[in-house]
Amino acid sequence: VVVMKSNSWEFNVNVDSNWAFSVPLSNLSDGTYTIKFSAKDKAWNVSDEVDYTFVVDKTKPITPDIVVNDRYNTQDISIQWNWEWSIKPHFEVKDKAWISLKQWSVDTGNDWKFTLDFNVWEWEYDIEAWQVDKAWNVSDKIKKSFIVDTTAPVTPTISQPLTNTLTNLKDLQLIVSAQEEGKIDVLLNDTIIKTIPDYVSWDLTINLTNINLLEENNKISVKITDKSWNVSQARDINVIYDTTSPNAPVIENIVENTVYSSTPNKIKVLWEDNSKVVVKVNGTDFEGNITTQFVELSNVNTFREGPNTLIAYIEDKAGNRSAETIVNFTIDTQAPAEPVVNKDSFYRSQNITLSWTAEANSKIYFKKDNVVICSTTANNNWSYSCDIKNLTEGDNTLKVSTCDKATPTPNCSQEKEVVVNIDTQAPKKPSIIFPTDRFSTSNTELEVHFKNEENEAVDYTIMLV
């Protein structure tokens, strides 16, 4: 008797000589069945019943699910699955060329993870999984792909900035190149300060804003982690953070408030090494060749006649700017006008004073017989006076000129002759010719005839008082 739920079927079978018999069951639906067996001999004696329970299962299991990473950086591959409880899972791993590497099954249990028990090399693989139940029904297969990659990426490169770059800013722009996709980490002094999670380009510009640079040396590092979590070696550069302003330049051969008689063709400027000097002449950027510690003027017209202002400052490679060095000076290439001398027709002393006007702040020279006998300087009002001593009796021919205070060679006017008459001797007593010492007249004027110092006859009209 076959019993399933409330249904039952009874069969009579004959036992062969091997004590074997078969029950012709067909078209059974899925379910659990119990067969009750009993034996009846020819005398119609009936044995006790024996029950046999079995399951009819013609339904294939559900398709299993397996959890496989896209990439592995180790040959120790761990796989997690999800399928019907107490059903035997089966696997097959094939390489990229669809060559089967191994088929195997795993006993069921509470361990839902297992590790491949054979080595795989760096390649692309497919793994198929299916399950077979106890009725030997086979599920559909599921296929997953993965890549084994244990090689670290090529070390990325940094093309900007160059190592040992100087800066006074806390903002940096990195240009990085890497040969693999993945994640890029930027480190400052071994601390990650920025991560680019999905790097796909060969060249990447990374802007770092307001980073905590230390004064002087800082290590900037870049490394890449590929999709298999292999980490490259770090690419390091050194960035020098410098916020100290350089010393102001020194201008040696141009002196403040100096008058020059010619246009300088070379300015000597001293400044720090590895820095840039900026020169402005009268507000215009200097155009010329700037060499080590010298600024050589290529254009003599850079300066102008009259007042000039020279400004120089330093910019170091970090971008720090020094204080300005400012020099005001004058170029005067014109000779001053001849001095004007005011003199008397004669002097009764050998020591005299000559004065009048000359160019302000110029120096006036009086020479006699090419020897300077007096010099003085005109004041801001163009006035001067010069005390001359020990002139000789009679006419003295002097030469007077003026020179301005321009360097290195003063501009001088032409020499002008000045004749100074010195007469310190009393004249001889005149000899009166007419009239005699006794005479009478009613006129108030008297005609007198006498000989002068040179014994010449002279007539004078004398007013009588």
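Reply: Strands (E, at least two residues) are DSSP runs, numbered from the N terminus. Two strands pair if DSSP finds at least two bridges between them. This is a predicted model, where local features need pLDDT of at least 70, side-chain atom pairs count only at pLDDT 80 or more, and totals for chains, interfaces and linings use all residues. Residues are numbered from 1 along each chain as its sequence is written, and side-chain values use heavy atoms, with hydrogens and water left out.

Me: In what order do the four strands of the open sheet run?

Reply: The order is S33-S32-S35-S36, with antiparallel pairing. S33 (371-377) and S36 (416-422) are the edge strands; each has a single partner strand, so one side of each has no neighbour in the sheet. On average, neighbouring strands are turned by 30° against each other, direction ignored (axes are lines fitted to C-alpha atoms).

Me: How many bridges join S35 to S36?

Reply: Seven, between antiparallel strands, with S35 covering residues 394-403. Threonine 397 has valine 419 in S36 as its bridge partner.

Me: Other topic: S8. How many of its residues are buried?

Reply: Seven of the eight residues in S8 (88-95) are buried, meaning under 20% relative accessible area with a 1.4 Å probe, protein chains only.

Me: And which strands is S8 joined to?

Reply: S8 has eight bridges to S11 (residues 123-132), antiparallel; there, lysine 88 is partnered with valine 132. Five bridges join S8 to S9 (residues 100-105), also antiparallel, and phenylalanine 91 has tryptophan 104 of S9 as its bridge partner.

How values were computed: Axes fitted to C-alpha atoms, helices over the stretch in contact; angles between N-to-C directions. Buried < 20%, exposed > 50% of the residue type's maximum accessible area, 1.4 Å probe, protein only.
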